[in-house]
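Subject: Structure for you to look at

Hello,

Here is the structure I said I would pass on.

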Amino acid sequence: MNLAIVQQTYIVESRELLRDMESALLRLEKSPQDAEAITAVFRAAHTIKGSSGAVNFDAIVTFTHAMESVLDTIRSGKASIDSGLIALLLACGDHLSSLLDCLAADDRNAAFEHVRAKGESLLGELGIRLGSAPAPSGAPREARVERIGGATVASADWHISLRFGRNLLRNGLDPLSFIRYLANLGKIGQVTTVFDAMPAAAEMDPESCYLGMELSFSGAVTKEAIEDVFEYLREDCQIRILPPHSRIADYIDLINALPEDKARLGELLVKSGALTQRELDEGLRAQAQGAARKIGEILVGQGAVQGELVDAALEKQDLIKKNRAIESSFVRVRADKLDELITLVGELVIASAGTALAARRAGDVDTIEAASTMGQMVEEVRDRALKLRMVPIGETFNRFARVSRDLCRELGKEVEIVLTGTETELDKSMVDRIADPLLHLVRNAIDHGIEPAALRSERGKPAAGKLHLNAYHDSGSIVIEVSDDGGGLDRKRILERALERGLVAPGHTPGDDEIHRLIMQSGFSTAKTISNISGRGVGMDVVKRNIESLRGTLSIDSVEGQGTSFTMRLPLTLAIIEGFLVGVDRSSYVVPLEMVVECLELSAEDRARIAESGYINLRGEVLPLLRLREVFEVAGGAGKRENIVVVSYAGQRAGFVVDALLGEFQTVIKPLGRLFEQLSGISGSTILGNGEVALILDAPALVERAMGAEAANGFSKAEEQVQPQ
Amino acid sequence: MTINIEAGPAGRRKVIVQGSLTIYDATDDKMRMLQALDDATELEVDLSSVAEMDTAGLQILILVKRESIATGKPLRVTGHSETSLDVLDRYNLASYFGDPVVITRPERRKSRRKGRR
């Protein structure tokens, strides 16, 4: 096995587990009684520990072990959950994450040195937690600590398992005296005596002892004290003492170690109250898949246990099996393999377009039909392939639960975060790239949007602010909304700032759109104080640019005093788009189809006019025009006829003047080389069916340029090309 | 200690244990009780006169009970003395010896308590 790959998998899985742990911790913070959440945290820590051990990553093993010990005290009810503990555990999760970072770092040792101090201080805190956990008086610490994980039983009693030696009675010892002595130390609960070892009547030696006992015991004693009771028996008896809340696995070990029939022992333990049926079934299942069911059936067959109990256990077992089935229906695939597939499918789309073109040229009906059938299939393959990369946005959203929690702590605000539409899917590469802009919006909303509790109650709002993250699909795009019920955009303040910075002419009253555009200006901030969260003025402009680089849009809806809503609209995928092919001279360009509103012919009179004014009158509205021929400095005069493609973006319209309209086109986006990255007006390239390259127009940038040109009306082209970066 | 065996009608036997039921006579007790079970169609073991009983004694009772189950001959243990009941209770085996004991036990305890008063 390739170690590097194993390690890679380990890191990925551990990160997933850490995320699970984090969300479970956050749940736990809200409802400390959530036993499932506790188990989830525990399970995550335990699994990480296990796999860390497998890859020899001792730093994490030690650390998770300490976490587990603390978690165990919670789970067994010895310690309770408070916000300090949650904060500590969250910090521990962060530390684990940075330890994983270390593993990935080039210079591991240096990286470890870097986080060592943090780890030690956390370990110290965990130790304090462990020490301060109210332990039953005198109970030995090591009895708790030595338990290293796995589900534990609910029973709060000691369990003592005894198999007396054959010669016990002959040596003048009677088990009864020890049991009586034990009764002085505490309360003996359920006792079950087993005499399976007793041979047939003829062989049975009445002076030998054939008995064994399973008994539960409660009392504030140490394990040593119990051991002392049976001191004299130790030599030739099998004595097993399980502390309260032992791991189920310990009981299973016990069952395995004892000579009696396993099903019968299981029944005994259930009867003696040491194990619940569920615990037993779970434990046996963990030990040997399939065997558990059989034991359940045996137990019922003997009438030993209530049917419902076993039913419940089996039901749970089925559920677990089902979960496993779901798990196994997932295949973990390396992202680059998927990318290769998508690239190939892209090529296939291009090849298919080429075939269709060739068929049309050849004019052979059969070939054309075959090509068209193939084209349909290819389209389907393309859709399916793209869907492979789709992931629900929920995971990204969940990250913000933590962010908002930490932020609220820092700011002393109370914000409830509501997530909806978490199952909405979008391209994996998009998920990674919208995380930052989203994070910014969330921070902004909590820092600026939602008012302090005092102000909120003054305004008659509930003290806790509400931050709503929502996502849904809308005609080929995904829409993500970040809305808060805070104070809304402070129009007056924004305007003041804009005047100060000379962004708005004095006396001019800008509309809402303009106000919204102002806050997206680079360096624009209305924050009265700069916090380390936001207010530095680097923000909205970056968010906007990030979103636009994904061919998305950002719109703002704000009602003063009632809240602000940011709406992000993004294409579902970055790999393939529906394009509209246009021609200028002999070159082809692609406009994203969703932005094309209409196409019209440029009339002769308009042609004359636009040479001077740069716009036309489209049904009573001013439509700024951009001649692609000029923008891209295509040599040669205009063609005989020219057409206008009306493009709409973010509520603004502009017309691109082109020579020819070539129709819809499945566009596989190929990134431009690094050399062309700074090129404005072009966002990518694609290959046409005939093998030629077509450039994909950066429509948003071009629309903006057209608007700018209209506003400046007659500014030189050089200035037009200066784009805000 | 002595074990008296009384023959009843229709092959019934009643074993009356007097004094002690302990390891000291265990070998003898075992043989006699098994013999009694062998001879009987139905066996009653009267423990009312048991003043001393230990684990070995209990084992003999267990053995006889097991044999009775195996041979299908009814065995009843009756008249538990306080000592014998204590042993059965410590090992929580009263129920193993059959329904009559389980049902009578709580009553017995009550009556025992009353008696003490």
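Which residue in strand 11 of chain A is the bridge partner of Val559(A)? The partner is Gly563(A). Please keep in mind throughout that this is a predicted model.

Strands of chain A

Val559(A) belongs to strand 10, residues 553–559 of chain A. Strand 10 of chain A pairs with strand 11 of chain A over 7 bridges, in the antiparallel sense. The two strands form a hairpin, with 3 residues between them. In that turn, Gly561(A) has a positive phi of about 85°.

Strand 11 of chain A also pairs with strand 9 (residues 477–484) of chain A. Here 8 bridges join the strands, which run antiparallel. One of the pairs is Ile478(A) with Leu570(A), the latter in strand 11 of chain A.

How many of the 9 residues of strand 11 of chain A are buried? The count is 7, so this strand, residues 563–571, is largely enclosed by the rest of the structure.

Helices of chain B

Helix 1 of chain B covers residues 26–39, which is 14 residues.

In helix 3 of chain B, residues 82–90, the buried residues include Ser84(B), Leu85(B), Val87(B), Leu88(B) and Arg90(B). Just after this helix, Asn92(B) takes a positive phi of about 50°.

Where the chains meet

The contact between the chains takes 17 residues from chain A and 19 residues from chain B. On the chain B side, helix 1, helix 2 and helix 3 each supply at least two residues. Which of these helices gives the largest share of the side that touches chain A? Helix 2 of chain B does, with 7 residues. By class, the side of chain B that touches chain A has 10 nonpolar, 4 polar and 5 charged residues.

Regards

How values were computed:
Residues are numbered from 1 along each chain as its sequence is written. Chains are lettered from A and ligands numbered from 1 in the order in which they are written. This is a predicted model: local features need pLDDT of at least 70, side-chain atom pairs count only at pLDDT 80 or more; totals for chains, interfaces and linings use all residues. Helices (H or I, at least four residues) and strands (E, at least two) are DSSP runs, numbered from the N terminus. The expected span of a helix is 1.5 Å times one less than its number of residues. A residue is buried if 20 or more other C-beta atoms lie within 10 Å of its own, exposed if 12 or fewer, and partly exposed in between; C-beta atoms are placed from the backbone. Two residues are in contact if their C-beta atoms, placed from the backbone, lie within 7 Å. Ala, Val, Leu, Ile, Met, Phe, Trp, Tyr, Cys and Pro count as nonpolar, Asp, Glu, Lys and Arg as charged, and the others, Gly among them, as polar. Two strands pair if DSSP finds at least two bridges between them.
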